[in-house]
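Please open the structure in your viewer and keep the selection panel at hand.

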Amino acid sequence: MPLQPCWLDVTTPYTGVELSPLWLMRKTGLQGSVLAAFTGPCNVPVEALVDEADVQANAPIASQQMLHFVAEVFHLDAFAGVLLQRLWMAVIAEQLRCPDLTRSGDDLFLATQGGLRKLSVSIATAGRFSVLIHVGLNLTQAGVPSDVQAAGLISEGLLADEAAVQPFAKQCLEAMIREFEQAGLAFCKVHAR
């Protein structure tokens, strides 16, 4: 089943509810596996978190403005979803082409004179029939909890301004769709011995 890309033109807040089965179908009208991008604030209170480590640390997620990617992919198990999430982070890092950017697991960090700053939030979870992934990239540090040393795509100069966000998001969507399709073709062209 193909992974369908979608850019949402409407500013959409991310509250954690968006990481629900069929949310993307209701939002986009697309049926099947979808990878969508949109901008909007992020405010996920502790009670809406699906990462138990963040719940135990009482660490809500917030940002005044993020570039969000939400995916729902059918016919995968939870472990495959985590691997897809990590591939997604690697694809985003490749698209940014910044030598000061590093990926550690499912997070992106930017090396600055003040030390490593966190650029992203990311989570993968499983519904009954699909895996759900959210990736959020700060556009600026505004609204991020004070205990997080954060970086932003625009504030750190990785993107020139807000007008560059949509083209960058679409470039990332296209790159991830290529990876997904090529992996599918690679899977179908080999046979067991």
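Begin with Arg-97, which lies just after helix 3 and takes a positive phi of about 50 degrees. Please bear in mind throughout that this is a predicted model.

Next, select helix 3 itself, residues 78-96. Its 19 residues reach 27 Å from the first C-alpha to the last, close to the 27 Å expected at 1.5 Å a residue. At the N-terminal end, display Asp-77, which caps the helix: one of its side-chain oxygens lies 3.3 Å from the backbone nitrogen of Phe-79.

Now colour the buried residues of helix 3: Gly-81, Leu-84, Gln-85, Trp-88, Met-89, Val-91, Ile-92, Gln-95 and Leu-96. Because they cover an arc of only 160 degrees around the axis, they lie on the same side of helix 3. An α-helix has 3.6 residues a turn, so residues three or four places apart point the same way. Turn to the other side of helix 3 to find Phe-79 and Glu-94, which are exposed.

From helix 3, proceed to the largest cavity. Which residues line it? Select Leu-3, Leu-35, Ala-71, Val-73, Leu-84, Trp-88, Ile-133 and Met-176. Strand 3 (61-74) and helix 3 each supply at least two residues of this lining. By class, the lining has eight nonpolar, no polar and no charged residues. The volume of the largest cavity is about 60 Å³, and a search of the whole structure finds one cavity of 30 Å³ or more.

The next selection is His-134, in strand 8 (residues 130-138). Is this residue buried or exposed? His-134 counts as buried because its relative accessibility is 2%. Show His-68 as well: the side chains of His-134 and His-68 make a polar contact at 3.0 Å.

Continue to the largest pocket, which holds about 500 Å³ of space. It is lined by 30 residues, of which Asp-54, Ala-59, Ile-61, Lys-118 and Val-121 are the closest to its centre. Strand 3, strand 7 (120-126) and strand 8 are the elements that give two or more residues to this lining; strand 7 gives the most, with four. By class, the lining has 18 nonpolar, six polar and six charged residues.

Of its ten lining residues, select Phe-180, Glu-181, Ala-183, Gly-184 and Phe-187, the closest to its centre. Helix 3 and helix 4 (165-188) are the elements that give two or more residues to the lining, and the largest share, six residues, comes from helix 4.

How values were computed
Residues numbered from 1 in each chain as written. Predicted model: local features only at pLDDT ≥ 70, side-chain atom pairs only at ≥ 80, totals over all residues. Heavy atoms only, no water. Expected span 1.5 Å × (residues − 1). Buried < 20%, exposed > 50% of the residue type's maximum accessible area, 1.4 Å probe, protein only. Arc of directions from axis to C-beta. Polar contact = N/O pair within 3.5 Å; in protein donor to acceptor, adjacent residues only side chain to side chain. 1 Å grid on protein atoms, 1.4 Å probe; cavity = no way out; pocket = protein on both sides within 12 Å on 5 of 7 lines; lining within 4 Å. Points joined across faces, edges and corners; volume = space filled by probe spheres on them. Nonpolar A, V, L, I, M, F, W, Y, C, P; charged D, E, K, R; others polar.
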